[in-house]
Amino acid sequence: MRKSARFCAVLLALSLVLLAAALLLRGRLPGSWSGVLIGLGAGIFGASLSGLLMRRWESRNPEFAKQNEIDSRDERTTAIRSLAKARAGDVVQWCVMGIAWLSILAGAPLWLTLAAVGVFLLYSVLSLAFMIRLEKEM
């Protein structure tokens, strides 16, 4: 779903508020809150600025916008995107298990290892549940 230019502008303003708050409250915030605010502000800033620039580009190039809309709804493109997400998820799943093994070898706290294993199991269970659901729907 495409976001409107107004929504992107509001997000851009929100990101600037977060960045300003992080800089103004740097010494007064506990722990790493300043870093969290900077990270959120920078991430939202990049996404909203990208959305606004894409909107501007599409308004100046209507043939590009039309082709982009067709490509985004194309059945083949959707299938490719889904397959890419599935493969990326498999890679991330095994990376999480690698992190679990590294945390064991590094002597990290048990909760960290169990959290990594929990994420691995959650991914496996969700994959199975979605597969069963999609088989019933199709």
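What radius of gyration does the protein chain have, and what would a compact globule of 138 residues have?

**Figure 1. Overall view of the protein chain in the predicted model.** The radius of gyration of the protein chain is 21 Å, whereas a compact globule of 138 residues would have a value near 14 Å. Taken along the principal axes, the box filled by the C-alpha atoms is roughly 55 × 55 × 25 Å. The protein chain has five helices and zero strands, and from the N terminus on its elements follow the order α-α-α-α-α. When contacts between residues at least 6 apart in sequence are considered, 51% of them join residues that are at least 24 apart.

**Figure 2. Close-up of helix α2 packed with helix α3.** Two packed helices are described by the angle between their axes and by the distance between those axes. For α2, which spans residues 33-60, and α3, the angle is about 115° and the axes are 5 Å apart. On the α2 side the contact is made by Met 54, Trp 57, Glu 58, Ser 59 and Arg 60, and on the α3 side by Pro 62, Phe 64, Ala 65 and Asn 68. Sorted by kind, the residues of this contact are five nonpolar, two polar and two charged.

**Figure 3. Close-up of helix α3 packed with helix α4.** Helix α3 covers residues 62-73 and helix α4 covers residues 75-105, and the two pack at an angle of about 60° with their axes 5 Å apart. Because of this angle, α3 is described as oblique to α4. From α3 the residues Asp 71, Ser 72 and Arg 73 take part in the contact, and from α4 the residues Glu 75, Thr 77, Thr 78 and Arg 81. The residues of the contact of α3 with α4 include no nonpolar ones, and they divide into three polar and four charged.

Figure 4. Is Thr 113 buried or exposed? Thr 113 has a relative accessibility of 9%, and it therefore counts as buried, since the cut-off for a buried residue is under 20%. If its neighbours within four places in sequence are left aside, Thr 113 is in contact with Ala 100, Ser 103 and Ile 104.

Methods:
Residues numbered from 1 in each chain as written. Predicted model: local features only at pLDDT ≥ 70, side-chain atom pairs only at ≥ 80, totals over all residues. Heavy atoms only, no water. Axes fitted to C-alpha atoms, helices over the stretch in contact; angles between N-to-C directions. Helix = DSSP H or I, 4+ residues; strand = E, 2+ residues; numbered from the N terminus. Parallel < 35°, antiparallel > 145°, perpendicular 65-115°, else oblique. Contact = heavy atoms within 4.5 Å. Nonpolar A, V, L, I, M, F, W, Y, C, P; charged D, E, K, R; others polar. Rg over C-alpha atoms; globule rule 2.2 N^0.38 Å. Buried < 20%, exposed > 50% of the residue type's maximum accessible area, 1.4 Å probe, protein only.
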